[in-house]
Amino acid sequence: MRTDGDNWDIVSSVGRTALGVATFRALETARPDALIEDEFARWFVEAAADPHFVGLLADPSPLEDTPFFFPGFMGIRTKFFDGFFLSAAAAGVSQAVILAAGLDARAYRLDWPAGATVFEVDQSKVLEFKNEVLTEHGAHAKVDRRPVAVDLRDDWPAALAGAGFDPGRPSAWSAEGLLPYLPGAAHDALFERIDGLSAPGSRLAVDGFGNGADLRRFEAIREKYFPVNPFGDMDVAELFYEDERADPAVWLTGHGWSVDPFTLLELAADYGVPVPPLPEELADLTTRSTYVTAEK
Ligand code: SAM
């Protein structure tokens, strides 16, 4: 259950979802035909020592028959956002803002051009944990990385400005695995603020469930079809907001961005990942354009 202004660390509430996706990235990295390489993900899971996720690292077999978390699923999502940042950088966009960065290690994994800056925005305890683990391992970012500890329901543009973000230059923004965790007002403000801070030539990539998806249904579907809950005893859908909100693709188009929507199935085909047949109720989610890139 969520409340206004709630906060979390890496093993509780929304923070624990960041640990979950880091686990799925670590498992993807270990697959023989991995789509991505994230050697950092395992460090975070080991350091957090959450028994469920540590157990999955040691033995991922309980996930093998789990529809939607099929092998390659997290690889597809990670590769999509990796490709987005690399192509923005290649086009000369030298500021990146990773909203709700969680345990995203792109500042350490990707080859950023000289002079680039990456802002990582998330709640303070999440970023503290991340910084501690990276420091313990002596990791070095491949870019000027600037953590920005702020809540995305608060005045995050001020915090970003304080960290040196320059709205006069084009920027590349991502909101990966974030939107359902924001109340409608903060969700809609997020896009308005991104638009307000984006000079012409800026880019944005987001994922979501697609408007109209019945998120509360997710837990029922999971119980029906998933042999195990990928997140252990946590009901992720309990953390989602389902109040009214704009459709990102429609909103961005209306505000002058040119938008490219993709379904999971389209990305899987592009990346050569076989998608197992999914139960009809889940297939519905794969036909929605849940991955979007946009350019201003
Ligand atoms: N983007 C990362 C990834 O894909 O690995 C993390 C995704 S995780 C599912 C969700 C993240 O959103 C968490 O790190 C959480 O702390 C962050 N988050 C959600 N709501 C937030 C808020 N109101 N303010 C700051 N961060 C938030």
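Is Ala 49 buried, exposed or partly exposed? With 49% relative accessibility, Ala 49 counts as partly exposed, where buried means under 20% relative accessible area, exposed over 50%, and partly exposed in between (1.4 Å probe, protein chains only). Before we go on, please keep in mind that this is a predicted model: local features need pLDDT of at least 70, side-chain atom pairs count only at pLDDT 80 or more, and totals for chains, interfaces and linings use all residues. Residues are numbered from 1 along each chain as its sequence is written, and side-chain values use heavy atoms, with hydrogens and water left out.

Let us stay with Ala 49 for a moment. Ala 49 sits in the loop between helix 2 (39–48) and helix 3 (51–58); helices here (H or I, at least four residues) and strands (E, at least two) are DSSP runs, numbered from the N terminus. The phi of Ala 49 is near 55°, a positive value in a residue other than glycine. Ala 100 also is not a glycine, and has a positive phi of about 55°. You will find Ala 100 in the loop between strand 1 and helix 5 (106–109).

Now to helix 4. Its 18 residues should span 26 Å at 1.5 Å a residue, and the end C-alpha atoms of helix 4 are 26 Å apart, which agrees; the expected span is 1.5 Å times one less than the number of residues. Because 13 of the 18 residues of helix 4 are buried, this helix is largely enclosed by the rest of the structure. Just after helix 4, Gly 92 takes a positive phi of about 95°. Gly 92 belongs to the loop between helix 4 (73–90) and strand 1 (95–99), and is exposed, with a relative accessible area of 56%. The C-alpha atoms of Gly 92 and Gly 115 are separated by 11 Å, with the two residues 23 apart along the chain.

What about the interior? In soluble globular proteins, nonpolar side chains tend to be buried together. Here the largest nonpolar core has 60 residues, and those with the most contacts inside it are Ile 10, Phe 40, Phe 85, Leu 103 and Trp 112. A nonpolar core is a set of buried Ala, Val, Leu, Ile, Met, Phe, Trp, Tyr and Cys residues joined through side-chain atoms within 4.5 Å. Among the elements that give two or more residues to this core are helix 1 (13–30), helix 4, helix 6 (124–136) and helix 11 (264–271). A second, separate core of 30 residues includes Ala 100, Val 121, Val 150 and Ala 186.

Leaving aside its neighbours within four places in sequence, Phe 85 is in contact (heavy atoms within 4.5 Å) with residues including Ala 96, Val 97, Ile 98, Trp 112 and Trp 173. Beyond four places in sequence, Leu 27 is in contact with Leu 56, Leu 57, Pro 60 and Leu 63. The C-alpha atoms of Leu 27 and Pro 60 are separated by 7.4 Å, although these residues are 33 apart along the chain.

Helix 8 (residues 184–197) is worth a look too. Its 14 residues should span 20 Å at 1.5 Å a residue, and its end C-alpha atoms are 20 Å apart, which agrees. The buried residues of helix 8 include Ala 186, Leu 190, Phe 191 and Ile 194. These buried residues pack against strand 1, helix 7 (156–162), strand 4 (171–175), strand 5 (203–207) and helix 10 (248–254).

The structure holds three cavities of 30 Å³ or more, and the largest cavity has a volume of about 820 Å³. Of the 47 residues that line the largest cavity, the closest to its centre are Arg 77, Glu 176, Gly 177, Leu 178 and Tyr 181. On a 1 Å grid over the protein atoms alone, a cavity is a set of points where a 1.4 Å probe fits but cannot get out, and lining residues have an atom within 4 Å of a point. Grid points are joined across faces, edges and corners, and a volume is the space filled by probe spheres set on the points. Helix 1 gives the most to the lining of the largest cavity, with six residues. Arg 77, a residue of helix 4, counts as buried at 11% relative accessibility. Not counting residues up to four places away in sequence, Arg 77 touches Val 21, Glu 176, Gly 177, Asp 207 and Tyr 291.

Note on methods. On a 1 Å grid over the protein atoms alone, a cavity is a set of points where a 1.4 Å probe fits but cannot get out, and a pocket is an open set with protein on both sides within 12 Å along at least five of seven lines; lining residues have an atom within 4 Å of a point.
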